[in-house]
Amino acid sequence: MSIDIKTATIEAKRTTFDHIVEKLGEGKTPTRYQEAVFGHQAEEVFHYRPTWDSERELFDARRTAIVMNDFEDLLDPRQYYYGTYVIQRSKQRESQEKNFSVVEKRGLLEDLDAVMKEKISKVVVPFRHAEWGANNNNYYIAGYGFQTPITAAATFQGMDRLANAQYLTSIGLILSSNDPAILDQAKDEWLNTPMWQGLRKLVEDSFVTKDWFELHVLQNYLLDGVFQPLLFKHFENEVVKNGGAAFAMLTEFFVDWFVESQRWADSTIKVAVKESDANKALVESWINKWQPTVIAAADQLAEFVFAERSKDIIQQIETELDARSKKIGIQVQEK
Amino acid sequence: MTTKAKRLNMNQKYQLMTRGLDWETTYQDMDDVFPYDKYEGIKIKDWDKWQDPFRLTVDAYWKYQSEKERKLYAILDSVAQNNSQLSISDARYMNAVKIWMQGVTPLEYNAFRGFCTLGRGFRGAGARVACQFQAIDEMRHHQTQIHAFSHYNKFFNGMNQQSRIRDRAWYLSIPKSYFEDAMTAGPFEFITAISFSFEYVLTNLLFMPFVSGAAYNGDLATTTFGFSAQSDESRHMTLGLEIIKFMLEQHEDNVPIIQGWLDKWFWRGYRLLGLVGTMMDYMLPKKVMSWRQAWEIYWEENGVALFNDLARYGIKMPKHHETATKEKNRITHEFWSTIYQFSHATALYTWIPGNEELDWLSAEYGELFDTVYRPRYEYWKELDDKGERFFQERLPVVCNVCQIPIFHTMPDDPLKNCCLVSEYKGTKHQMCSEGCLDIFNNEPEKYCQAYIPPQQIYQGNCGGATLDDYRKWLHIRDEDTGEYYGSEDHQMWEKWKAQAGKPTDEAA
Ligand SMILES: [Fe+2]
Ligand SMILES: [Fe+2]
Ligand SMILES: [Zn+2]
């Protein structure tokens, strides 16, 4: 049966689902983002306690010490739902892919001097393991976090980090003309070279951090807030200045991605901090606990890359991070 | 370093992309980093033997998926613009969509979250990555379904209160308890339950009838997201088979544990699918195939062949599969009879099938249908014609494991009800079948926690003691429930048909 009538005579009974009306108020038309993230995590009538966490319910707000009246307030300013996320990333992928093939085909990195090449393979390629760590941490947040806005965005962030790890692998392979030994060397550096151990220990400590919001602060705010600018701003500048303009083509994705992922981290932390003094105190305590260690780990790496300029650069990075902290309502400790 | 690059094929490239990303932690104990992958007793000697079934880099994933999403959303937009709900076969069909949206869409969400925990929880990096991809796929299914149904929700009842009834409604405890059972288990049981037992063994019984049913009945939105999800699903099925073989090959001690899970999840999955079978037989105005026929093809042929393949690992057919086969001629009729009598306590409409449909059921199900179920329907039809539409006053007793009302009959006697009791710590628990009884007795500590809706209602925990109070507590209006003929959905549909100059049900 196909009813053929003028669609003008078809009147809608309602604009959206009840739980969205409750949230946005009567008469509002929700966006697809709002329909995708509001009201989907089960809230009550849990049948069984998890065998892996019998003290709590399957979805339980108490897996973080942060207390929110409504965890759905931790919105993603980019308003990504699955469709918009993959479409946006596939556009970026296209230009990243072009960059890779231009650099590869024309051998644009080949003329780079040996010192710079060595630095890239010692600094950038081993960082794929840190990105893998970030991938794991974001899936932790996605799995054990509370409500959909933060867990969906953490899933995208997790995917992004696996992509980052794979892009870094590609950079290594371009440098080595597809000789995988460069990856094995980089892993060896990651596991054994002193300058990486500060970061590796931090990443391993993050793996056993149980509070998912603390992990969000540690990974997506502090570790990223220090290491992304260190590698993809300061180190990249260094390479570019030394005749490696092509290197910037290979890391374009990182730069764009960091700008947007920072927006997400800042805005979610800001909302939590604004909610209550207790949340604010908690986030401050986490930042005070972790930031010095993150900075110390970055110091170790910076010294190898920037030698005598390293103190300056690290200070610059920390000043920027502190400025971000102030903006999102966090009291910054005197250094 | 040589300047002439070695050419790499896709597979090599993929292998390198993920090569050695993972490492054995030394600052923290691996058992603290992966605290949940040992307590179930599954022994893994070498995670490197894991074959990654997807072999997808993230950028390739973005590319494929974004192409699918572009097409899908273009169609969803056009469904809304062109009011494509007018093309469905009949408004009764929408109840199949309601069942899906109320019961299955939340499972997609839970699959998303469950696979996220596995994407962090398995010690093997390859397994973690595979679960991460599945997690984000399941998020896709959840969101595309919400977006597809969003348009239908504007016109039809029974979808707007989804986020409330999902947790509260007695009949939605059937899918909810099923998935929560898996999620509250350890990671190996979860993946056995969902990836293998459900997505690999039983998925054809769920997906095929629903998506083909949508296509047959003119539902463009559902058909589109359904077919678009199919390529994701084939990845998920591969993961299911891969993980089972991997666990079985890793250690012989794993075999009995996995056998236990296969027994349990076959039965739980089969019970859940009873709801789908009922939708196929009763809610689709244009039939795709009967439950009996689907069971014969997808279980008795394909499913059994699959288990035969696993025999070399020492895996036996799942316990009670004979019972499931014995029930194939009756389960959907027993189910529909139950929903028919209780539909005033659901956000669904029910009805007595028309004469042509009854004839189709007679042809599909034969003597049993003609002697037991058809007379019952004809009797209820008579009552309805006299203005005495039959409803039960009190909610039925439900099975402590599968949460389905205890309406099932004895495996060898379709006229005798089956209700089995197990006593645990001084409390009696009722089960619908030997299959559910076994499940209860194997893990009484788990199932004695189950939330049993009718008990909760009579204890006054659901807004009051009457069904009226209960409905209010569920946020279901009277208009959303009960008999289809004369319902708001029906009236709206009739109005649309009349506007188009089509014969209405009244006239027919
Ligand atoms: Fe799915
Ligand atoms: Fe799936
Ligand atoms: Zn049962």
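**Entry 1: cysteines of chain B**

I began with Cys399(B), which counts as buried because its relative accessibility is 0%, where buried means under 20% relative accessible area, exposed over 50% and partly exposed in between, with a 1.4 Å probe and protein chains only. I then looked up Cys402(B), which is buried as well, with a relative accessible area of 3%. I also looked for disulfides, each defined as a pair of cysteine sulfur atoms within 2.5 Å, and by this rule the count over all chains comes to 0.

**Entry 2: what I am looking at**

I note that this is a predicted model, in which local features need pLDDT of at least 70 and side-chain atom pairs count only at pLDDT 80 or more, while totals for chains, interfaces and linings use all residues. Residues are numbered from 1 along each chain as its sequence is written, chains are lettered from A and ligands numbered from 1 in the order in which they are written, and side-chain values use heavy atoms, with hydrogens and water left out.

**Entry 3: backbone angles in chain B**

I reminded myself that most residues other than glycine have a negative phi. I found that Gln403(B), although not a glycine, has a positive phi of about 70°. I placed Gln403(B) in the loop between helix H14 (355-385) and strand S2 (409-410) of chain B, where helices (H or I, at least four residues) and strands (E, at least two) are DSSP runs numbered from the N terminus. Gln403(B) counts as buried, since its relative accessibility is 0%.

I next turned to His475(B), which is not a glycine either and has a positive phi of about 65°. His475(B) lies in the loop between helix H18 (467-474) and strand S6 (482-483) of chain B. Is His475(B) buried or exposed, or does it fall in between? I recorded it as partly exposed, because its relative accessibility is 36%.

**Entry 4: chain A as a whole**

I counted 13 helices and 0 strands in chain A, and I noted that its C-alpha trace spans about 70 × 55 × 40 Å along the principal axes. Of the 335 residues in chain A, 62% are buried. I then took up contacts, meaning heavy atoms within 4.5 Å, and found that among those in chain A with a separation of 6 or more, 76% are between residues 24 or more positions apart.
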